[in-house]
Amino acid sequence: MRLSVDGARLTRELSQLATISAEPPPVVTRVVFSEADMHARRYLWQLCEDAGLELRHDPVGNTFARWRGTQPELPPVATGSHIDAIPNAGSYDGTVGVVGGLEAIRTLARAGYQPRRSIELILFTAEEPTRFGIGCLGSRLIAGSLPASVDETLLDADGQTLRQARSQAGFTGTLADVALKPGHFSAFVELHIEQGPLLEQHGNEIGIVTAIAAPATLRIALTGEGGHAGAVLMPQRRDAFLAAAEVGLAVERSALSTESVDTVATTGLCQVFPGAVNSVPSSVKMEIDVRDIDGERRDAVLKSIQTATSEICARRKIHAKIDLLNADPPAQSSPAIVELLATGCVAYGLRGEKMISRAYHDSLFMSRITPTAMIFVPSRAGVSHRPDEYTSAESISNGVLLLAATLEQLAASA
Ligand code: GLV
Ligand code: MN
Ligand code: MN
């Protein structure tokens with residue numbers, strides 16, 4: 001089948017989407033259920049309707065946009081990604097898989113293709129952990145990997161529950177209805193930017209993801225005693241920030257101790273209370289991200305951080321509350337879809353390589369309920385989660401072409 005991606009339209013739509021942000025360009029900040037997120041969703045829903053897709057929204061706000069197949073009773077093939085963006089992000093993380101997924105469907109439709117299985121584009125809610133502390137919220141719930149009780153237990157920084165936030169955004173119903181059974185989909189393929197430098201360094205156009213590293217998040221609340229920065233003498237202090245500083249160093253030490261480049265750990269959030277120059281910090285909230293392609297080694301690092309935190313806090317007379325928000329196993333891609341992607345690269349003359357994803361994606365959870373694989377396209381200088389994140393229109397079109405060709409095959413299968 002002769003497939004021709006409309007790269008100009010895709011670029012226009014991605015640029016338009018990038019303007020829907022809580023911060024002025026080039027910064028993209030789109031926190032789940034914020035005004036920017038809802039505006040961006042409405043923009044995407046309209047594009048999907050314009051393409052003739054049927055829309056369904058589940059109780060957590062995942063959207064399923066369906067191109068009905070000639071045998072709609074068969075489990076559909078799915079693609080998609082997320083449009084939420086962390087604070088101070090760029091324009092391509094997640095969005096390429098959503099707008100690109102839509103363009104893959106439109107490419108197939110323009111070529112006169114009639115899918116046997118339906119093809120669904122999924123816009124996942126909150127792949128980013130910014131608001132509720134846990135990544136892949138929508139896909140986690142789809143995979144049945146979170147209990148419905150998180151509706152009341154997940155809180156944002158303002159103390160709003162997930163239930164309150166989603167219902168204000170117009171998504172109601174019980175979270176128990178979000179889970180989909182294994183076999184609900186026949187396959188899932190996600191297009192995403194690499195977010196690392198390897199494709200560019202190797203001069204390759206496509207990354208075929210064979211596995212996704214195992215992410216984990218710790219939240220640590222440290223409570224000491226505040227007071228006047230001039231009046232409280234040093235020996236009497238129980239400064240929560242100084243404990244946090246030591247914990248941050250222990251995080252780095254724990255990751256380095258594995259002596260593997262595959263272990264990474266980041267203290268990405270450290271909020272000091274009350275945050276006044278002339279006040280001894282009385283409490284600190286930290287969030288720590290730990291990842292490894294080896295789940296057991298990652299768990300050992302988590303343990304070492306927890307042990308170090310207890311020791312530091314005992315010594316400094318600080319109360320520590322440590323919560324493990326998530327510790328997910330790594331995911332393996334479906335060998336059959338990986339093979340299909342490799343064959344597609346050869347057929348379309350695309351230079352591809354197999355690689356591991358060090359970032360997590362909704363595919364981490366989709367792989368629990370359906371055969372899954374991912375297509376990566378190059379990130380300039382490997383930069384991501386920054387406003388200067390960039391992937392060329394040509395690279396994105398290459399990814400969309402391979403995605404369309406792969407969906408074509410998957411949707412034709414018996
Ligand atoms: C996803 O955004 C990740 O942090 O890997
Ligand atoms: Mn991201
Ligand atoms: Mn992403």
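Ligand 1 is surrounded by E127, E128, R291, A359, Y360 and H385, where a residue counts as near if one of its heavy atoms lies within 4 Å. This is a predicted model, in which local features need pLDDT of at least 70 and side-chain atom pairs count only at pLDDT 80 or more, while totals for chains, interfaces and linings use all residues. Residues are numbered from 1 along each chain as its sequence is written, chains are lettered from A and ligands numbered from 1 in the order in which they are written, and side-chain values use heavy atoms, with hydrogens and water left out.

The shell around ligand 1 comprises two nonpolar residues, one polar and three charged; here Ala, Val, Leu, Ile, Met, Phe, Trp, Tyr, Cys and Pro count as nonpolar, Asp, Glu, Lys and Arg as charged, and the others, Gly among them, as polar. Polar contacts to the ligand are pairs of N or O atoms within 3.5 Å. In the side chain of R291, an N or O atom is 2.6 Å from an oxygen atom of ligand 1, while a polar side-chain atom of E128 lies 2.9 Å from an oxygen atom of the ligand, and for a polar side-chain atom of H385 the distance to a ligand oxygen atom is 3.2 Å. Of the 200 Å² of accessible area that ligand 1 has on its own, the protein covers 93%, with areas taken from the Shrake-Rupley method with a 1.4 Å probe.

Ligand 1 sits in the largest pocket, in the sense that more than half of its atoms lie within 2 Å of the pocket's grid points. A pocket is defined on a 1 Å grid over the protein atoms alone, as an open set of points with protein on both sides within 12 Å along at least five of seven lines.

Elsewhere, strands β2 (residues 54-57) and β3 (residues 63-67) run antiparallel and are joined by four bridges; strands are DSSP runs of E with at least two residues, helices are runs of H or I with at least four, and both are numbered from the N terminus, and two strands pair if DSSP finds at least two bridges between them. L55 stands opposite A65 in β3. The two strands β2 and β3 form a hairpin with five residues between them, and G61 in the turn has a positive phi of about 95°.

Most residues other than glycine have a negative phi, and most peptide bonds are trans. A126, although not a glycine, has a positive phi of about 50°, and its place is in the loop between β6 (119-124) and α4 (137-142). The peptide bond from P25 to P26 is cis, with omega near 5°, and P26 is in the loop between α1 (7-18) and β1 (28-30). The bond from F273 to P274 is cis, with omega near 5°, and P274 is found in the loop between β11 (264-273) and β12 (279-280).

Terms used. Polar contact = N/O pair within 3.5 Å; in protein donor to acceptor, adjacent residues only side chain to side chain. 1 Å grid on protein atoms, 1.4 Å probe; cavity = no way out; pocket = protein on both sides within 12 Å on 5 of 7 lines; lining within 4 Å.
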